[in-house]
Every structure is written in structure tokens, then in C-alpha cells.
Amino acid sequence: MSSPSTDQARVPVTRRLMFWVALLYFSEGLPLGIFYDLFPVHMRQAGVGPAEIGLLSLLGLAWTVKFLWAPLIDAWRGHRLWIAGANVGMAVVLATLALSPQALGQGATWPWVLLAAFTFLSATNDIATDGYTIELLSKGQYGVANGLRIGFYRVGMLAAGALLVVAGWSGTPGQPNWGAAYGMGAMLMLLNAMVILTAPPQPARVARVEGASAREWAAVRAQPMWLVALGLMLAGLLWPVLGPVGKALDWAWVQAISSAWWFKGAVPVGLMFAGAILMVRAARGPQAHTMSEGPVFGAWVDLLARPGMLAVLVFILTFKLGDAAMGFMVKPFWVDAGFTPAQIGLVSVNVGLGLSILGGLIGGAYVDRVGIFKGLWVLGLWQALSNLGYALAAWYVPPTEAGMQVSIHYQAVVYAASGLESFTGGLGTGAFLAFLMGITSKARATTEYAILSSIFAFSRAVAGWAGGLGVEQMGYASFFFLTFWLSFPAYLLLPAVRRMLSRDETR
């Protein structure tokens with residue numbers, strides 16, 4: 001009689017779930033890499049100013065507010081079609097840019113419309129991919145799946161970087177062939193779309209209650225607190241747009257206050273928390289049961305009405321706080337320490353990629369073996385250690401003037417800190433993503449996961465902003481040491497996390 005492992009070996013690769021997890025997250029990482037690597041480099045090479053390129057980042061807010069149209073995808077189902085359609089749409093955008101790449105540097109409006117469409121389609125691809133994989137996987141597969149997810153997401157981003165190489169090799173010195181790069185990107189997107197259509201079918205789901213949408217909107221009109229709460233949360237998420245837009249439109253009153261700490265941090269965080277508190281109250285109000293059946297607010301009600309959910313949301317905001325606060329300052333530290341772009345690219349990016357993939361796979365396997373709860377706190381401790389490694393490196397390695405060679409001794413210390421950070425970051429991320437999947441209801445997987453990942457993305461953005469202020473006031477070594485301790489407030493909320501996971505397993 002054949003063993004289970006022998007039977008698994010006989011299954012074609014394209015029928016194994018983990019093959020599809022790897023492919024789906026490659027196709028999710030590729031657009032993000034194109035947005036953050038290919039577009040800015042091309043625009044700068046075409047003569048677009050840094051201020052205008054900075055405005056490009058505002059289009060990335062589509063990934064933050066994607067929960068707004070996640071209910072539509074959740075209700076209409078057919079996630080494979082959504083993923084394939086989004087990839088075809090992004091291919092059309094890239095093909096259009098390939099035909100007229102010079103337009104990005106000529107001040108025309110239509111290329112910006114294309115870039116906005118690209119981010120919207122990429123966010124839609126993310127929503128459908130996350131919902132599809134959560135519905136397809138069992139809880140015991142979350143660890144390994146997230147290990148593959150971390151790795152192949154980064155491989156997709158690296159593939160976007162390879163398009164820069166295509167532009168250079170196919171062009172002339174000083175004149176990259178951007179049309180070739182965009183054309184290659186479009187072909188990759190089309191290939192993704194065709195292959196994803198052959199993925200396993202989506203599991204059947206219990207039909208929604210008839211007339212739920214009409215009753216939901218009637219309940220919203222009777223209890224407008226929902227709309228006020230959603231408006232406050234959106235205002236907090238979109239607040240960062242106000243500063244750059246005010247500068248672009250020459251609004252003097254915005255420019256006068258946009259650099260203040262309360263404008264950058266306190267206001268958006270306060271708006272988000274005020275909206276969250278109102279939503280929790282509304283989710284436990286008299287109309288909550290009616291709204292729980294609806295396609296739009298049903299996922300919010302289901303999440304926020306669970307006992308202890310507010311503490312769990314704070315845990316989501318704080319679990320990777322130390323990692324996020326330090327992460328945005330790592331590359332500036334390398335530059336100030338005297339490392340060249342080639343050294344940063346080789347070790348921090350390429351070698352770091354391999355170590356983060358290894359960390360994600362090991363962390364994922366560990367979570368599947370010991371469970372999500374133990375995996376969270378154990379791997380979270382390892383994740384915090386990398387902050388100590390960088391604190392030691394920043395204390396030991398002195399700042400180096402531009403053009404001076406960094407000694408081998410100092411290089412070894414920084415490389416070791418980088419390797420530790422990449423590996424342990426993969427460990428912690430694998431456990432954290434498994435946790436988010438674990439508390440997501442399969443009945444509303446698409447919308448709920450979009451909400452939770454948007455909350456995490458907001459905390460990452462705020463922590464990155466605070467990191468810049470921290471380094472300016474304290475220096476790299478002291479700030480990196482502080483971020484080690486920022487990893488531990490979330491541990492006070494672990495009892496609420498345990499109860500949430502236990503209730504979900506029982507449910």
C-alpha cells in the first residue's frame with residue numbers, strides 16, 4: 001500500500017494547492033514591484049521632478065482603502081475571474097505605456113489616469129487573491145502557505161526589478177528602452193491571467209439571505225452612526241493626501257501646518273480610532289443583527305461584534321510596531337554608514353530576499369506544527385531580536401563620509417544585522433499572516449481579510465513616519481534599541497488573541 005507522501009508525489013504539480021499559492025502571490029507581488037521600482041525610475045529618467053514623483057505614492061492609497069469594494073467581489077464571487085480580469089487590465093495599461101513611453105515625461109494627464117487604474121486593478125487583484133486562498137486552504141495549511149506567500153510575493157517584486165534590466169539591456173547607453181520593459185511586463189500579466197483561469201474551482205458557499213441588501217440599507221438609514229464611523233475611518237486613511245495636495249495646489253494654510261507632528265500623526269490616528277470606537281458601538285446596537293446579513297456592512301458587524309475584538313484590533317496595530325518603525329530607517333542607516341547602492345542592493349535586497357523566504361518557510365512550518373497562538377509569541381520574540389542586532393550595528397559602526405570605503409570589519413557587522421533582520425522578519429510575518437487568516441470567517445473571507453490587512457497597512461505607514469522623527473531626535477542606535485521594546489506592548493493582549501482563536505476554532 002502506498003504511503004500518503006508517495007500519493008502526494010504522484011499528484012501533478014498544477015493540482016497541488018501550494019503551487020497555486022506560490023503563483024497567486026507571485027502575481028500579487030509583481031504589480032507592487034512595478035509601481036515602486038519601474039514607474040519612479042522611468043519618470044525620473046524622463047525628467048519628471050521629485051515632487052511630482054512623490055505624488056505617485058498617493059495613488060498607492062488604493063491598497064489602503066481596498067476594503068471599500070471588497071464586498072462587491074465577495075458578493076459576486078468568481079474570484080478567479082476577478083484575478084484574471086485585473087491582470088488583463090494591468091496588461092492593457094502596460095501595453096499602452098509601451099506604445100508611448102515618452103508620454104510619462106511630457107506632462108500629459110492620461111498617463112496619470114493609467115497609473116491610477118493600475119493601482120486600482122492591483123488592489124482588486126489583492127482582494128480576490130487573499131479571499132480565494134483563504135477559502136481554499138484549511139487552517140492547518142496556513143503556516144506553510146504563508147511561508148510560500150512571503151517568498152513568492154518578493155520574487156514577484158524582484159521580477160519587476162528585472163524589467164529595469166530589460167530596459168537597460170535593450171536600449172542604448174543613457175537611453176533605456178522603456179517600451180521593451182513595459183511590453184515584457186504586459187506579457188507577464190497576460191500569462192498570469194491565462195494560467196490563473198485553470199486554478200482549482202472556488203469552494204461553494206451558503207447562499208446569502210434574500211433581500212439582505214435592502215434591509216441592510218434600511219438599517220443604515222435608521223442608524224447613520226455607521227456612515228459617520230466609516231467616514232471618520234476614511235478621513236484618517238486619506239489624511240496623508242492633504243499635505244502633498246496642499247503643496248501641489250499652493251494652499252498656504254496647509255503648508256503652514258503640514259509639518260507639525262499633530263498634523264502628520266495625531267490627527268489621522270485620532271480619526272481612525274474615533275471611527276473604530278463608533279463602529280464597535282454600532283456593531284452592538286439594535287440594528288446590528290439586520291446588518292450582519294448584508295453584503296457591505298455584514299463583515300464589519302461580524303468582526304466587531306465578536307467579544308474582545310477591539311483588543312484584537314489593537315494587537316493587529318501593535319504586533320509588528322517595532323519592526324515597522326525600524327524598517328523604514330534601515331536603508332538610510334546603510335547610506336549614512338557609507339555603503340554603496342551596489343552593496344545595499346546585493347546584501348540588503350538579494351541576500352535578504354533568500355533569508356526572508358527561508359524564514360517564512362521555517363516559520364510557516366513551525367506554526368502548522370505548534371498552532372497559531374504559540375507561533376505568534378515565539379516567532380514574535382525572534383522578530384524583535386533583529387532590532388537589537390541593528391541597534392548594536394548602529395552603535396558600533398560610525399557614520400562614514402560619502403566616497404569613503406567602509407572597512408571589512410564594519411561591513412561584516414552590518415551584513416550580520418541585515419541577515420538576522422531578513423530571516424527573523426520572515427519568521428514573524430509568517431505567523432502574523434496565519435493569525436489574520438485564522439480569525440477570518442470563510443463566509444466573508446474576501447471582505448474581512450481586506451479590512452484587517454488595511455488596518456495593518458495603516459499602522460505600518462504611521463510607524464514608518466514616526467521612525468523618521470525618532471532617528472532625527474535620538475540617532476540610529478538609540479532609536480533602534482527603542483524599537484526593540486516597542487515589540488512588547490502587543491504581548492499584553494495575547495490573552496484576548498488566545499480567546500479569539502479558541503472561539504473561532506469552536507465556531
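Predicted model: local features only at pLDDT ≥ 70, side-chain atom pairs only at ≥ 80, totals over all residues.

Author: Residues are numbered from 1 along each chain as its sequence is written, and side-chain values use heavy atoms, with hydrogens and water left out.

Reader: How are α7 and α20 oriented to each other?

Author: Helices are DSSP runs of H or I with at least four residues, numbered from the N terminus. The axes of α7 (residues 142-170) and α20 (residues 408-438) come within 9 Å and cross at roughly 125°. Axes are lines fitted to C-alpha atoms over the stretch in contact, and angles run from 0 to 180 degrees between N-to-C directions. Under 35 degrees counts as roughly parallel, over 145 as roughly antiparallel, 65 to 115 as roughly perpendicular and the rest as oblique, so α7 and α20 are oblique.

Reader: Which residues of α16 make the contact with α20?

Author: α16 (residues 309-318) packs on α20 at about 155°, with the axes 12 Å apart. The two helices are therefore roughly antiparallel. Contact means heavy atoms within 4.5 Å. On the α20 side it involves Phe 432, Phe 435 and Leu 436; on the α16 side, Val 312, Phe 315 and Ile 316.

Reader: What is the handedness of the crossing of α2 and α5?

Author: The axes of α2 (residues 17-45) and α5 come within 12 Å and cross at roughly 30°. That makes the helices roughly parallel. A crossing is left-handed if the near helix is turned anticlockwise from the far one by less than a right angle, and right-handed if clockwise. The α2 and α5 crossing is left-handed.

Reader: How far apart in sequence are the parts tied together by Arg 77 and Glu 135?

Author: A salt bridge puts a side-chain nitrogen of Lys or Arg within 4 Å of a carboxyl oxygen of Asp or Glu. Arg 77 and Glu 135 form one, with the closest N and O atoms 2.7 Å apart. Arg 77 lies in the loop between α4 (70-76) and α5, and Glu 135 in α6 (residues 110-136), so the pair ties together parts separated by 58 residues.
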